[in-house]
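Reader: Could you walk me through this fold, one question at a time?

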Amino acid sequence: MGSAAARPRVLVARAIFESSLNRLREHFDVLTNPDDTPWTPEQLRTQAQGCWGLLTTASERVDASLLDAVPSLRAVCNMATEIFMTTQHM
């Protein structure tokens, strides 16, 4: 009997809810940023080597140099939230 194929590796660049990580872990080998500090572009390229997917926030810049440096990437997803605040005067 052959060995099971390796699951695709996904890098989560910043902290997200544990429940979200657990959902990802059902399908992928998940690497995280345990310190939840923004990585420099060089650090992000290094951490992403060999990864199939990358989950970023507004802190990380995904550009041609990153994509060229990490040819294994097949999916790059960005998680961002916008909060709109209004003040209503009565």
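Author: Let's start inside: the largest nonpolar core has ten residues in all, namely Leu11, Ala13, Trp39, Leu44, Ala48, Cys51, Leu54, Leu66, Val70 and Leu73. A nonpolar core here is a set of buried Ala, Val, Leu, Ile, Met, Phe, Trp, Tyr and Cys residues joined through side-chain atoms within 4.5 Å. Buried means under 20% relative accessible area, exposed over 50%, partly exposed in between (1.4 Å probe, protein chains only). This is a predicted model, where local features need pLDDT of at least 70, side-chain atom pairs count only at pLDDT 80 or more, and totals for chains, interfaces and linings use all residues. Residues are numbered from 1 along each chain as its sequence is written, and side-chain values use heavy atoms, with hydrogens and water left out.

Reader: What is the strand order in the open sheet?

Author: Helices (H or I, at least four residues) and strands (E, at least two) are DSSP runs, numbered from the N terminus, and two strands pair if DSSP finds at least two bridges between them. Strand β1 (residues 9-12) runs parallel to β2, with four bridges joining them. The open sheet has four strands with parallel pairing, in the order β2-β1-β3-β4. That leaves β2 (29-32) and β4 pairing on one side only, as edge strands.

Reader: And what angle does helix α1 make with β2?

Author: Contact means heavy atoms within 4.5 Å, and axes are lines fitted to C-alpha atoms, for helices over the stretch in contact, with angles from 0 to 180 degrees between N-to-C directions. Helix α1 (residues 18-25) packs on the sheet and touches β1, β2 and β3 (53-56). Its direction and that of β2 make an angle of about 145°.

Reader: Is Asn33 buried or exposed?

Author: Asn33 sits in the loop between β2 and α2 (41-48). Beyond its neighbours within four places in sequence, Asn33 contacts Val12, Ala13, Arg14 and Trp39. A polar atom of its side chain is 2.9 Å from the backbone oxygen of Ala13. With a relative accessible area of 5%, Asn33 counts as buried.

Reader: Which side chain makes a polar contact with the side chain of Asn78?

Author: Asn78 is in strand β4 (residues 75-78), and, setting aside residues up to four places away in sequence, Asn78 touches Thr56, Thr57 and Ala58. A polar contact is a pair of N or O atoms within 3.5 Å; within protein, one must be able to donate a hydrogen and the other to accept it, and residues adjacent in sequence count only if both atoms are side-chain atoms. The backbone oxygen of Thr57 is 3.1 Å from a polar atom of the Asn78 side chain. The side-chain partner, also at 3.1 Å, is Thr56.

Reader: Why does Cys77 count as partly exposed?

Author: The structure has zero disulfides (pairs of cysteine sulfur atoms within 2.5 Å). Cys51 counts as buried because its relative accessibility is 0%. Cys77 counts as partly exposed because its relative accessibility is 41%.

Reader: What pattern does the protein follow along the sequence?

Author: The protein holds three helices and four strands. Read along the sequence, they follow β-α-β-α-β-α-β.
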